Amino acid sequence: MNIQAEKLRIMKMILETDNPTILESIKNLFVKQPNSDFWTTLQENEKEDILKGIEELEKGEVVNYDDFIARHR
């Protein structure tokens with residue numbers, strides 16, 4: 001892989017996007033955030049999914065991994 005060519009391809013993609021979420025994510029890769037909590041970096045839908053999973057776990061709504069895999073083979 002030619003590193004300079006790869007950088008140019010990435011720069012082109014950045015310049016062509018109008019998606020602020022993508023731009024923010026790229027920026028966050030390069031900006032040091034000392035002692036930042038990962039929770040603050042998550043999207044709202046990701047937070048909701050995690051909280052829902054915790055709630056299901058606390059209610060005992062769990063599925064054994066081996067049983068799950070066996071049903072889907």
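**View 1. Thr17 sits buried in a loop.** Thr17 has a relative accessible area of 17%, so it counts as buried (buried means under 20% relative accessible area, exposed over 50%, and partly exposed in between, using a 1.4 Å probe and protein chains only). You'll find Thr17 in the loop between helix H1 (3-16) and helix H2 (20-30); helices here are DSSP runs of H or I with at least four residues, strands are runs of E with at least two, and both are numbered from the N terminus. A quick word on what you're looking at: this is a predicted model, where local features need pLDDT of at least 70, side-chain atom pairs count only at pLDDT 80 or more, and totals for chains, interfaces and linings use all residues. Residues are numbered from 1 along each chain as its sequence is written, and side-chain values use heavy atoms, with hydrogens and water left out.

**View 2. What does Thr17 touch?** Set aside the neighbours within four places in sequence, and Thr17 is in contact with Ile22 and Leu23 (contact means heavy atoms within 4.5 Å). A polar atom of the Thr17 side chain also lies 3.1 Å from the backbone nitrogen of Asn19. For a polar contact, the pair must be N or O atoms within 3.5 Å; within protein, one must be able to donate a hydrogen and the other to accept it, and residues adjacent in sequence count only if both atoms are side-chain atoms.

**View 3. Leu23, a residue of helix H2.** Leu23 lies in helix H2 and counts as partly exposed, because its relative accessibility is 35%. Leaving out neighbours within four places in sequence, Leu23 is in contact with Ile14 and Thr17. Now look along to His72, 49 residues away in the chain: its C-alpha atom and that of Leu23 are separated by 38 Å.

**View 4. Helix H1 and its start.** At the start of H1, a side-chain oxygen of Asn2 reaches to within 2.9 Å of the backbone nitrogen of Gln4. How far apart are the end C-alpha atoms of H1? They are 20 Å apart, which agrees with the 20 Å that its 14 residues should span at 1.5 Å a residue (the expected span is 1.5 Å times one less than the number of residues).

**View 5. Phe38 and Trp39 pair up.** Search the whole structure and you get 1 aromatic pair. Phe38 and Trp39 form that pair, edge-to-face, with 6.3 Å centre to centre and 90 degrees between the planes. Here, rings of Phe, Tyr and Trp (its six-membered ring) pair if their centres lie within 6.5 Å; planes under 30 degrees apart count as stacked, over 60 as edge-to-face and the rest as tilted. Phe38 counts as exposed because its relative accessibility is 52%, while Trp39, at 26%, counts as partly exposed.

**View 6. Lys47 and helix H3.** Is Lys47 buried or exposed? Lys47 is buried, since its relative accessible area is 15%. Lys47 has its place in helix H3, and it touches Trp39 and Leu42, not counting residues up to four places away in sequence. Just after H3, Gly60 takes a positive phi of about 80 degrees.
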